[in-house]
Amino acid sequence: MTGAIGTFFLAGCAAYVLGAVLALLGARRGVRPLLHAALGLAGAGAALFAVVLLLRWTHWGLLPLSTVVDALCLFTILSTAIAAATVATNRAPGLVPFYLPPLGVVCVATAALARDYLAAAPRELRGAPLAAHVGLAFLAYALFYIASATSLAYVFQNRRLKAHNTRGIFRELPSLERLDTTLVRLIALGYPLFAVTLGVGLIWAWFDHQLLTPQWWFAPKVMLSVVSLTICAVAFHLRHSNRLLGVRLAWFVFVGFLVLLFVDLMLVLTDLNTHNFWEGGV
Amino acid sequence: MSVVVTGLNHRTSPLALREKVAFSPEETPRALRELRGRFAEAGVVILTTCNRVEVYVHAGGIAPDDVAGTVRRFLSEWRQVDEGTLAESLYTHVDAEAARHLFRVASSIDSLVVGEPQILGQVRDAYNSAKSAGTSDKVIHALFQRAFSVAKTIRSKTTLGTGEASIGSVAVRLAQSIFQDLSGKTALVVGSGEMGKLTLKHLLSAGIGSILVVNRGHDRARDLAAEFGGDALPWEEMPDNLHRADIVVTSTAAREPVLLEEHFKAALERRDNRPVFVIDIAVPRDVDPAVSELDDVYLYNIDDLERVLGDNIEARRQEAARAASLIDSKVRGFARWLLGLQAEPSIVGISEELEAVRARELAKTLDALPCLTEAQRAEVDDMSRRIVRSILSNPMTEVKQELVHHDPQTVLHLFRRFFGIERM
């Protein structure tokens, strides 16, 4: 079974990497069929990752949301779905080179760690609130990721227009106004989702705090979620009051996501990504 | 039988000659019928556009040079143009090359502005005109239907049709790269220059919502506003109304800039920093170049627009080269079909001769066997038909293959000799 899971996982990674390469090639010349093919490969990769999660779930009888590989699979599936919906809604395959390559890079990095994690059982998630909290968190971060990639597309297109450069992928991207609207919609979805995620997490922590210490709410992981929510809230409210528009909003979202990503990576790499940070617990 | 195209275009003849030779839609049906009357049996199409006049003829049993000569004389007589003058500008293509030419024309590869979309409609109109006049035949129909299919394929598989080919359309495309929907936007036109008016016409075609016009002479501003369905503003009120404009088009005769950085800074503040697209077509420039440094202003002067235009045209040329190689396989397909058609009379003739032999021998055999029942006679008849079909099946297939790879005349001659057929 582990062999089959590993094969599906690696095939999914390969699909994403190939999709990322095609996306970059298509971006260079603005070749639409390549961009569509890239998105198709990402869809195939997402389907393969879904199979991985399903197999781990049926094999272990536990919801696979807790290991690095499980997290990657779920995050990538959700990001791909949101990316595909965004591309289809805007009829803008030019967005694909902004969405796929980072997912391809993450797949390559995680493939190196896959063997141990795929063989290990997922941790038990006690209770529906915790499972909901984790699932919603991934969805919120996937939305935030796509929002930040969209903001990068805005910055790119803005620079192109300023530089009078209309070659290559310029034509396959939507208008600046449309990119701005898309960005705002994604933030408008992510903002309440972060709030709900934290709310559900609070409910779980209140009722099931055996695993947690009294200072759980001061843990870096929790603080990071609060900061994510704050960034979304600031972006949303400033945009709605027209105090943060266009390229400034785009930079705010993009840099905000990069900072969160950096801090989160540091927490994971230093094994400090825990709710019981201050007590040195699990 | 041959397919021949004879014509002149923007590369081979001056406008004055093309104007003389061009056919109006009203006279085309009569011209088609008259030209067709000059051949015993033919299909004829006349294609007239502002950049070309071409005559497509399919005539059986006439040498291509004679077909071209007939068309040349017809054009000379119809239009009272010296035949020698015409001959200098006319080109002729035959069979596969005629098909290649038509495919290139229909796909707009041969156009003055490569990738322009009007030509396919014009080719369709020419074909429909011939069909209505009754001068289209099986070969002309097949040729033009394939041309339409090739043009559609080229459009879908290449980016030949993308990229704007005029300053006005470039300006509109850039506006659409900034604003999602122009119908809710306002354009401010400063000055009454011709290029500015042309750009405004393109914006109107693209559905711009409203227009404000400003000119030093207020009467002129009012006239322009009336012409384009906008509102005229006094010149002095221009800075105070700049914030209302999402798109600014300037083309005055001023020697110094009329729109400065502080004007746009004030306007952006009142617009909550919503983007502004500025098209400065004037020479000398009307807009201070420092304006381009402002975050939410996209300033394009005439050089910038022409550079974008040049990029588009170059991209289309590169795509035209790719499209030309796509056309090659389509031309080969048409050539094979045409060869098969040329072989048809020989194949039909052989079938008829063998049928005559079969009928003769069958009659002799049945006379020699008077005791056969009706059912037995029918069975003997069927058997003889099956034998003939079996004998012919392989040679028919092989000869069609050989026509593609070898000289058709030689193949058909040998084919007829093998079966002892003297006709054709």
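Me: How many residues of chain A and of chain B are in contact with each other?
Reply: Contact here requires heavy atoms within 4.5 Å. On that basis, the residues in contact number 18 in chain A and 30 in chain B.

Me: Which three residues supply more of the area that chain A buries against chain B than any other three?
Reply: About 2100 Å² is buried between the two chains, with carbon and sulfur atoms giving 41% of that area. Of the part that chain A buries, 32% is supplied by A:K162, A:H164 and A:R171.

Me: Which residue forms a salt bridge with A:R248?
Reply: The rule finds 3 salt bridges across the interface of chain A and chain B. In the one formed by A:R248, the closest N and O atoms are 3.2 Å apart, and the partner is B:D295.

Me: Which element gives the most to the side of chain A that touches chain B?
Reply: Two elements of chain A give two or more residues to this side: α7 (176-207) and α6 (128-162). The one that gives the most, with 4 residues, is α6(A).

Me: How many charged residues does the side of chain A that touches chain B have?
Reply: By class, this side has 5 nonpolar and 5 polar residues. The charged residues number 8.

Me: Over which residues of chain A is the pLDDT below 50?
Reply: Chain A averages a pLDDT of 84, and 90% of the residues score at least 70. Where pLDDT is low, the predicted coordinates should not be read in detail. The stretch below 50, which has 14 contacts in the model beyond near neighbours in sequence, is residues 277-282 of chain A.

How values were computed:
Residues are numbered from 1 along each chain as its sequence is written. Chains are lettered from A and ligands numbered from 1 in the order in which they are written. This is a predicted model: local features need pLDDT of at least 70, side-chain atom pairs count only at pLDDT 80 or more; totals for chains, interfaces and linings use all residues. Side-chain values use heavy atoms; hydrogens and water are left out. Buried area is the accessible area (1.4 Å probe) that two parts lose on being put together, summed over both. A salt bridge is a side-chain nitrogen of Lys or Arg within 4 Å of a carboxyl oxygen of Asp or Glu. Ala, Val, Leu, Ile, Met, Phe, Trp, Tyr, Cys and Pro count as nonpolar, Asp, Glu, Lys and Arg as charged, and the others, Gly among them, as polar. pLDDT is the predictor's confidence in each residue, from 0 to 100.
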